[in-house]
Amino acid sequence: MLRVFGRLENSPFSKDKKRPVILSAKSRLSRLLFEDVHLKYFHANRTFLHSFFNSRYWFIGGCTNLIKFVIRNCIYCRRSKATNLNQLMGQLPADRVTISRPFSSCAVDFAGPFTVKCIIGHAYTTYSTWQSSFVGSLELSTLRWSPILLHRSSKMP
Ligand SMILES: [Zn+2]
């Protein structure tokens with residue numbers, strides 16, 4: 001092993017700190033050392049690994065990318081740092097958040113496909129239809145009582 005000789009020979013530091021071992025950051029030995037220390041110290045973070053290895057080794061090309069690689073590929077650390085995604089919710093329309101008489105306005109939240117049975121001749125036929133045709137038929141049936149439904153369904157694709 002090659003060691004760095006500097007001007008710290010008369011210092012009270014340990015031998016490893018006075019003369020750190022030279023390693024390549026791209027070698028397999030370096031990666032195994034980082035993985036071992038990361039697991040040995042209970043999934044140590046980036047700062048700890050930096051200070052631990054910079055006091056003992058001299059990495060050619062720096063060790064920042066290797067530390068990122070080791071922590072990124074640790075399954076336990078990835079699971080523990082995972083965050084849940086938040087669903088973006090739209091604002092409710094004014095007629096749904098204000099008090100009104102029952103059935104003064106109505107809407108359909110579900111978008112289909114809906115299975116519709118039709119009688120053509122003597123045979124039953126099943127069709128699959130989507131929200132727009134369902135709302136269209138609902139709109140026609142409730143047109144007299146609910147002008148709000150007509151307005152909202154006209155915005156739908
Ligand atoms: Zn880890």
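# Close-up views of a predicted model

Of the 157 residues in the protein chain, 10% are buried. The model shown in these views is predicted.

View 1. Take the contacts between residues at least 6 apart in sequence: 48% of them join residues at least 24 apart.

**View 2. The largest nonpolar core is built from 11 residues.** Its members are Leu23, Leu33, Phe34, Ala44, Leu49, Phe53, Phe59, Cys63, Leu66, Ile67 and Val70. Three helices, α2 (28–40), α3 (46–54) and α4 (64–72), each supply at least two residues of this core. The largest share, three residues, comes from α4. Leu49 is a member of the core. Apart from neighbours within four places in sequence, Leu49 is in contact with Phe34, Val37, His38, Ala44 and Ile67.

**View 3. Helix α2 has a buried side and an exposed side.** This helix has 13 residues, and the distance from its first C-alpha to its last is 18 Å, close to the 18 Å expected at 1.5 Å a residue. Leu33, Phe34 and His38 are the buried residues of α2. Seen down the helix axis, these buried residues fall within an arc of 130°, so they line one face of α2. An α-helix has 3.6 residues a turn, so residues three or four places apart point the same way. The buried residues of α2 pack against α3 and α4. On the face turned away from the buried side are the exposed residues Arg28, Leu29, Leu32, Asp36 and Lys40.

**View 4. Phe42 and His43 lie in the loop between α2 and α3.** Most residues other than glycine have a negative phi. Phe42, which follows α2, is not a glycine but has a positive phi of about 55°. His43 is not a glycine either, and its phi is also positive, at about 60°.

**View 5. Arg19 sits in the loop between α1 (15–18) and β1 (21–24).** Arg19 counts as partly exposed because it has 17 C-beta neighbours inside 10 Å. Not counting residues up to four places away in sequence, Arg19 touches Arg3, Val4 and Phe5. Which distance separates the C-alpha atoms of Arg19 and Trp58? The separation is 9.0 Å, although Arg19 and Trp58 are 39 residues apart along the chain.

**View 6. Lys15 belongs to helix α1.** Lys15 is exposed, because 8 other C-beta atoms lie within 10 Å and a residue with 12 or fewer is exposed. The C-alpha atom of Lys15 is separated by 8.9 Å from that of Arg56. Along the chain, Lys15 and Arg56 are 41 residues apart.

Definitions and conventions. Residues are numbered from 1 along each chain as its sequence is written. This is a predicted model: local features need pLDDT of at least 70, side-chain atom pairs count only at pLDDT 80 or more; totals for chains, interfaces and linings use all residues. A nonpolar core is a set of buried Ala, Val, Leu, Ile, Met, Phe, Trp, Tyr and Cys residues joined through C-beta atoms within 7 Å. A residue is buried if 20 or more other C-beta atoms lie within 10 Å of its own, exposed if 12 or fewer, and partly exposed in between; C-beta atoms are placed from the backbone. Helices (H or I, at least four residues) and strands (E, at least two) are DSSP runs, numbered from the N terminus. Two residues are in contact if their C-beta atoms, placed from the backbone, lie within 7 Å. The expected span of a helix is 1.5 Å times one less than its number of residues. The arc is that of the directions from the helix axis to the C-beta atoms.
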